[in-house]
Amino acid sequence: MKEDFKENTISTEEIYKGKIIDVKVDTVQLPDGNQSKREIVNHPGAVAVLAVTGEGKIVMVKQYRKPLEKSLLEIPAGKLEKGEDPEHTAIRELEEETGYSSGNLKLINSFYTSPGFADELVYLYLAEDPWKLSDNVEGDDDEFVTVEELTLGEAFRQEEEKIIHDAKTSYALLYAKLFLFPEGD
């Protein structure tokens, strides 16, 4: 693909280094020769897991999201640790957040969440026939979730009410509708 509109970085100013993200401001030269600023969020990447039980239920978590000041119902997801294989992260997050595991994991796709200002890449996995673990796996100390299992129809109704209201979960539900439950749930 030809890059006619490439922006060349002139300088970078680090603004913030955090636990999850880093923020920088790049001064760039535009294709027409002018300069502009680009605020960029660097993120290590993440995984998300569409876990579908043998009964055709989608395993989801309800979690408070501070930036939105409300709880959302989402598929389990989490951040990649440095050097961690995304498939390993997917199993870890599924176990920690839901108490389920799976030996049948398949990469559906990967996508950038907000390429206009962030480099976060999310790997979306399908976990078929997950099983409930006999013991809980300890998760993050600052993460509080409840687990819910929904049919595809129930999930789409939650989406209409904006209880499900994030891109990764919407993407996963559309995948489920097209490829896992084309006849409905």
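**Aromatic pairs and burial**

Mentor: Let us begin with helix H3, where Tyr-175 and Phe-179 lie four residues apart and are therefore separated by about one helical turn. Please note that the model is a predicted one.

Trainee: What makes Tyr-175 and Phe-179 an aromatic pair, and why is the pair called tilted?

Mentor: The ring centres of Tyr-175 and Phe-179 are 5.0 Å apart, and rings pair if their centres lie within 6.5 Å. The planes stand at 40°; stacked requires under 30 degrees and edge-to-face over 60, so the pair is tilted.

Trainee: Is Tyr-175 buried or exposed, and how do you know?

Mentor: Tyr-175 has 13% relative accessibility. Buried means under 20%, so Tyr-175 is buried. Phe-179, at 56%, is exposed, because the cut-off for that class is over 50%.

Trainee: Why is the pair of Phe-111 and Tyr-171 called stacked?

Mentor: The angle between the planes of Phe-111 and Tyr-171 is 20°, and planes under 30 degrees apart count as stacked. Their centres are 4.9 Å apart. This pair links distant parts of the chain, with Phe-111 in strand E9 and Tyr-171 in helix H3, 60 residues apart.

Key
Residues are numbered from 1 along each chain as its sequence is written. This is a predicted model: local features need pLDDT of at least 70, side-chain atom pairs count only at pLDDT 80 or more; totals for chains, interfaces and linings use all residues. Side-chain values use heavy atoms; hydrogens and water are left out. Rings of Phe, Tyr and Trp (its six-membered ring) pair if their centres lie within 6.5 Å; planes under 30 degrees apart count as stacked, over 60 as edge-to-face and the rest as tilted. Helices (H or I, at least four residues) and strands (E, at least two) are DSSP runs, numbered from the N terminus. Buried means under 20% relative accessible area, exposed over 50%, partly exposed in between (1.4 Å probe, protein chains only).
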